[in-house]
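Here is a short note to go with your first look at this structure. Please keep the model open as you read.

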Amino acid sequence: MGAYERSIRPLLFRLDPERAHRCALAALRGASALPGGRTVLRRALGAPVDGRLAVEVAGLTFPNPLGLAAGMDKDAVAVAGWFALGFGSVEVGTVTPCPQPGNPRPRLWRFPEAEALVNALGFPSAGAAAVRARLAGRSFPGPVGVNLGKNAATPLERAAYDYCAVLAALWDVADYMVVNVSSPNTPGLRTLQAPEQLERILERLATLDRTAARVHGAPERPLFVKISLDIEPVVLDELVVLSASAGVAGLIIGNTSTDPALRPRGAETLPGGVSGGPLRQRAIALLARAAERAPAGFALVSAGGAMRADDVIERIRLGAHLVQCYTGLVYRGPGFAAAVLRELLRCLEERGLPSVQALRGR
Ligand SMILES: Cc1cc2nc3c(=O)[nH]c(=O)nc-3n(C[C@H](O)[C@H](O)[C@H](O)COP(=O)(O)O)c2cc1C
């Protein structure tokens, strides 16, 4: 057990979960804004910067395969700080076109025995303009993705307009985009994973992306689809085929779960989706299946219950190009990414492999 788990986590866990999250975010933003703060953070945590960790995905270079999952920094307040902790990419959002408060509180709960969270946040967002202001004119040591969402007041049939509005507003300040059709906390959103609906949304986003690329004279932005971990395996097969033929860069597998079988004890009657430990097996099974079916060049991003370095390594070996985490950070603390990366390097050395890319599928 590290220092975070021994001394800081018990204090943070005495606070209401949302308050603890706000404090952690403010501390990271503060520390990384100090002159030299990011270097001090990186050195103190021992986060390695090593070419062997770099991965090429969807035409982008990721300094390492561990990404911060969407939801942790919805409004892009501490992006540079996450990179200083060691993450190789940061996905901000979900961002909605207009600001909105999300669902009423309480809406976030911890279940330490299961190393899980349950959240029913419902996309609280500062809105696309505020996120744009925080990202514009800045550069970061790795790719920044924007997770696209819809406002609660927008009817489901018009979801594509909201996704397009956020994509247009943030196109030039993001490296990749993610269409979120899998949050359980926006009524009906997961029905957009149905092939006819998803195809239409993807078509619109692709057209807009091409136009933006022409206007800006820059390359198109890779688009990922973030799917639910509650889908049937055959639906996953369809989504791989559909997404690949629609020109999507890859799938993020996946979002929080509402499956009663995965609820930690005490969470049976709560609304919202489970994250963390209980998702591990499901995320791994769906990743393995997608890896068998995905065409060459189609990226797989694994998320859900990656709580330890060996979880991350296992997923890369199963075929994940990138691994994202959220809940692991809550339970393992700010040194989590650095610890995972050190272990990854050790694993490469042990196996005599030249790079993380060589670990994939072995
Ligand atoms: C409190 C909380 C908020 C989240 N918000 C979002 C979100 O806004 N958009 C999204 O795509 N995923 C969101 N997620 C899902 C995570 O990105 C991730 O897919 C999921 O938690 C599984 O990963 P984990 O087990 O490492 O947490 C959220 C998760 C949590 C716990």
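**Around helix α8**

1. Helices (H or I, at least four residues) and strands (E, at least two) are DSSP runs, numbered from the N terminus.

2. Two words on the source. This is a predicted model, where local features need pLDDT of at least 70 and side-chain atom pairs count only at pLDDT 80 or more, while totals for chains, interfaces and linings use all residues. Residues are numbered from 1 along each chain as its sequence is written.

3. Which residues of α8 are buried? They are Leu236, Leu239, Val240 and Ser243. Seen down the helix axis, these buried residues fall within an arc of 105°, so they line one face of α8; the arc is that of the directions from the axis to the C-beta atoms. The face turned away from the buried side carries the exposed residues Val234 and Ser245. A residue is buried if 20 or more other C-beta atoms lie within 10 Å of its own, exposed if 12 or fewer, and partly exposed in between, with C-beta atoms placed from the backbone.

4. Just after α8, glycine 247 has a positive phi of about 85°.

5. Do look at two peptide bonds. Glycine 93 and threonine 94 are joined by a cis bond with omega of about 10°, and threonine 94 is in strand β4.

6. Most residues other than glycine have a negative phi, and most peptide bonds are trans. Alanine 58, in the loop between β1 (55-57) and β2 (60-62), has a positive phi of about 55°. Alanine 58 counts as buried because it has 21 C-beta neighbours inside 10 Å. Alanine 76, in the loop between β3 (66-68) and α4 (79-85), has a phi near 60°. With 24 other C-beta atoms within 10 Å, alanine 76 is buried too.
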